[in-house]
Amino acid sequence: YVYDSVGILDHSTENYIIETNRELYEKTGTQIVWATVNDLEDMDINTYATALFDEWDIGGSQYDNGLLVLIVPEEGEIWIEVGYGLEGILPDSRVKRIIENNILPYFSQGDYNAGVLSGYEEILNYVESEYNVEISSRGGGYYPSNGKEIVARGPNIFVIIGVIVFFIIDFTFFRGWLTYSLLRNLGRGGHRGGGGSSGGSKGGG
C-alpha cells in the first residue's frame, strides 16, 4: 500500500496507510496505494502511473476498484490514477479538487506527510460513504508527528456551540436583527470562482 522509494514519508504515516488499507480491503475490496519515485524514466506521469497501476493490479481485475497516487517530488508532479470501479465517486473533477485543496497546500510547505494524510483521509471519506462502511482504525482523525490534526471528521463542536449561542443572543436581545442583516448582506454578494492547477499538479481518472 506504500512504495516510498524517495523516502519522504515517515513510518507513522506508512503504518497508518497500511493499517487502514487492510481494513478497507477486507470490507470493500478497495485498495488505495501511494507511491513516490525519483524520476519518470522519460515517460509522462500519466503513462507511468497507468503502467504502475496495471503492473501492480491495484484493486484487482474483477472489480477494478483501486486507486494509485503517484508523487514525483523532484519534478513537482502528482497524479491520481483511478480504477473504473471507483470512477463514479472519484471523477476527474473531484480528483483534481483533492489534489489542489487537500494535498498541494501541504506539499508547497514541504510537509509531504501532512499532504499525503490529508488527501488520503479525503479519499477514504468518499469510499466509506459509497460502500456504507466505517473504517474503525481511522479513529477520530490522524495526528502526524507535528501534532496538528489533519482531518476532523464531522463538524467542529465549538463552531456548533458558537452558532447556537449567537442565535440565542440575537433573538433574545436584538429580535433577530443581526441574523437578518447578515442574510441580507450575503444575498447582495456575488460569486467569484477560479479553476486550474498549481505546483505542477495533474489529476487523472
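User: Which residues lie nearest the centre of the largest pocket?
Analyst: This is a predicted model, where local features need pLDDT of at least 70, side-chain atom pairs count only at pLDDT 80 or more, and totals for chains, interfaces and linings use all residues. Numbering starts from 1 along each chain as its sequence is written, and side-chain values use heavy atoms, without hydrogens or water. A pocket is an open set of points on a 1 Å grid where a 1.4 Å probe fits, with protein on both sides within 12 Å along at least five of seven lines, and lining residues have an atom within 4 Å of a point. Of the 14 lining residues, those nearest the centre are F53, D54, D64, G83 and Y84.

User: Which element gives the most to that lining?
Analyst: Helices (H or I, at least four residues) and strands (E, at least two) are DSSP runs numbered from the N terminus. Two or more lining residues come from each of β4 (77-82) and α2 (45-56). With three residues, the top contributor is α2.

User: How do α3 and α4 run relative to each other?
Analyst: The axes of α3 (residues 92-107) and α4 (residues 112-131) come within 7 Å and cross at roughly 155 degrees. Angles over 145 count as roughly antiparallel and those under 35 degrees as roughly parallel, so the pair is roughly antiparallel.

User: Which residues of α3 make the contact with α4?
Analyst: Contact means heavy atoms within 4.5 Å. On the α4 side it is made by Y112, A114, G115, V116, S118, G119, E122, I123 and Y126. The α3 side consists of R94, I98, N102, I103, Y106 and F107.

User: How do α1 and α4 run relative to each other?
Analyst: The axes of α1 and α4 come within 11 Å. They cross at roughly 10 degrees, so α1 and α4 are roughly parallel.

User: How many charged residues does the contact of α1 with α4 have?
Analyst: Helix α1 brings T13, Y16, I17, T20, N21, L24 and T28 to this contact, while α4 brings N113, V116, L117, Y120, E121, L124, V127 and Y131. Sorted by class, there are nine nonpolar and five polar residues. The number of charged residues is one.

User: Which residues does G29 contact, leaving aside neighbours within four places in sequence?
Analyst: G29 sits in the loop between α1 (11-28) and β2 (31-36). Its C-alpha atom is 8.4 Å from that of G66, 37 residues apart along the chain. With those neighbours left aside, G29 is in contact with L24, G59 and N65.

Notes:
Axes are lines fitted to C-alpha atoms, for helices over the stretch in contact, and angles run from 0 to 180 degrees between N-to-C directions. Angles under 35 degrees count as roughly parallel, over 145 as roughly antiparallel, 65 to 115 as roughly perpendicular and the rest as oblique. Ala, Val, Leu, Ile, Met, Phe, Trp, Tyr, Cys and Pro count as nonpolar, Asp, Glu, Lys and Arg as charged, and the others, Gly among them, as polar.
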